Amino acid sequence: MMRIQGQGGINFNANQGMFGGHSSMGASFASTITVTPNIIAGQDAIKLWTTEAGIYGLPSKCAVKASPDTPCEALYAALLNFAHTECKNASDGLAGQFHGMGAFAPRHEMKISWTPTIETIRFEGDALPRDSTPIGQLLRDGEPFQASGKLNQTVDKSNQKALGALAGIKPEDKKYAVADAMFKDLDSDGSGAIDPTELVVYLMNRGEPPSSVQALFARLDTNADGKVTKEEWRAGWLAGTVTKTDKGCCVVS
């Protein structure tokens, strides 16, 4: 359904675990899709289409054509419907991709499904309300916005290895699961990097004093360009510069 950071729309920092039984596995992924609006007066219906596909064929970017009078709640509904359709299309199209995968190929029919949700639509950091406010008052034609939510995945347990091979998931990514989840929370605007303001807000919202923010940011921003990339954040995590507290905060180690 959606994409947030990195190609493909899915952050593999999921809360993963078995869904009750023994035959299927489930995971919940934070996800965001970047949407470019084409706001046209007199447009009767909302139309959405994929402009860039990522992992499993799920869209990472899309475009929407809508009237400036379209209610925000209608945009939320249209995006969710689009996400459901694209998830089903991706699921239906996976089977053929497993031919020729050798040892990674599933022995049985591939069974996988995704259930998307859309929690927030944001433009320039501000969330659009789920009400009748016209989108023309909040969005600008041609300027992308982000739709963020969750992507719940269910896959047959026997197909996990094949699915991971197709996705290109690297075993070493698992050690960054907690760090990547924190990075996602900190990167509130979905830009792919953390700026000083985001770090201050994150810490203060969790009851942490901002006094150590400058020192922490300087240690993480190794190339001194005023932002902390995911790679820099991961390096800080491995070095012990940041860790996680019971409040979900990052602290100077």
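This is a predicted model: local features need pLDDT of at least 70, side-chain atom pairs count only at pLDDT 80 or more; totals for chains, interfaces and linings use all residues.
Reader: Let's begin with the whole chain. How many helices and strands does the secondary structure come to?

Author: The chain has six helices and 11 strands. Of its 253 residues, 42% count as buried. Among contacts with a separation of 6 or more, 70% join residues 24 or more positions apart. The chain exposes about 12,800 Å², and carbon and sulfur atoms supply 50% of that area.

Reader: Which residues does UniProt list for "domain: EF-hand"?

Author: The record, an unreviewed entry, gives residues 174-209 and 213-243. Take residues 213-243: this span is 58% helix and 13% strand, and its end C-alpha atoms lie 14 Å apart.

Reader: How should I read a helix there? Which residues of H5 are buried?

Author: The idea is to list the buried residues, then look down the axis. In H5 (residues 213-220), Val213, Leu216, Phe217 and Leu220 are buried. Their directions fall within an arc of 95°, so these buried residues line one face of the helix. Gln214 and Ala218 are exposed on the other side of H5.

Reader: Let me try H4. Which residues are buried in that helix?

Author: In H4 (residues 196-205), they are Glu198, Leu199, Tyr202 and Leu203. They cover an arc of only 125° around the axis, which puts them on the same side of H4. Turned away from that buried side, the face of H4 carries the exposed residues Thr197 and Asn205.

Reader: What about charge? Which side chain of opposite charge is nearest to glutamate 232?

Author: Glutamate 232 lies in helix H6 (residues 230-239). Glutamate 232 is buried yet has no salt bridge: lysine 227, the nearest side chain of opposite charge, is 8.1 Å away, whereas a salt bridge requires a side-chain nitrogen within 4 Å of a carboxyl oxygen. Leaving aside residues up to four places away in sequence, glutamate 232 touches Leu220, Asp221, Thr222, Asn223 and Lys227. One of these, Leu220, is also among the buried residues of H5.

Reader: And the backbone? Where does glutamate 124, with its positive phi, lie?

Author: Glutamate 124 is in the loop between strand S5 (112-123) and strand S6 (126-127). Its phi is about 55°, although the residue is not a glycine. At 57% relative accessibility, glutamate 124 counts as exposed.

Reader: Is alanine 224 buried or exposed?

Author: Alanine 224 is exposed, with a relative accessible area of 63%. This alanine also has a positive phi, near 55°, and sits in the loop between H5 and strand S9 (228-229).

Terms used
Residues are numbered from 1 along each chain as its sequence is written. Side-chain values use heavy atoms; hydrogens and water are left out. Helices (H or I, at least four residues) and strands (E, at least two) are DSSP runs, numbered from the N terminus. Buried means under 20% relative accessible area, exposed over 50%, partly exposed in between (1.4 Å probe, protein chains only). Contact means heavy atoms within 4.5 Å. Accessible areas come from the Shrake-Rupley method with a 1.4 Å probe; for residues, only the protein chains shown count as cover. UniProt positions are given in the numbering used here, feature names are shortened, and annotations may be inferred rather than shown by experiment. The arc is that of the directions from the helix axis to the C-beta atoms. Lys and Arg count as positive and Asp and Glu as negative; His and the chain ends are not counted.
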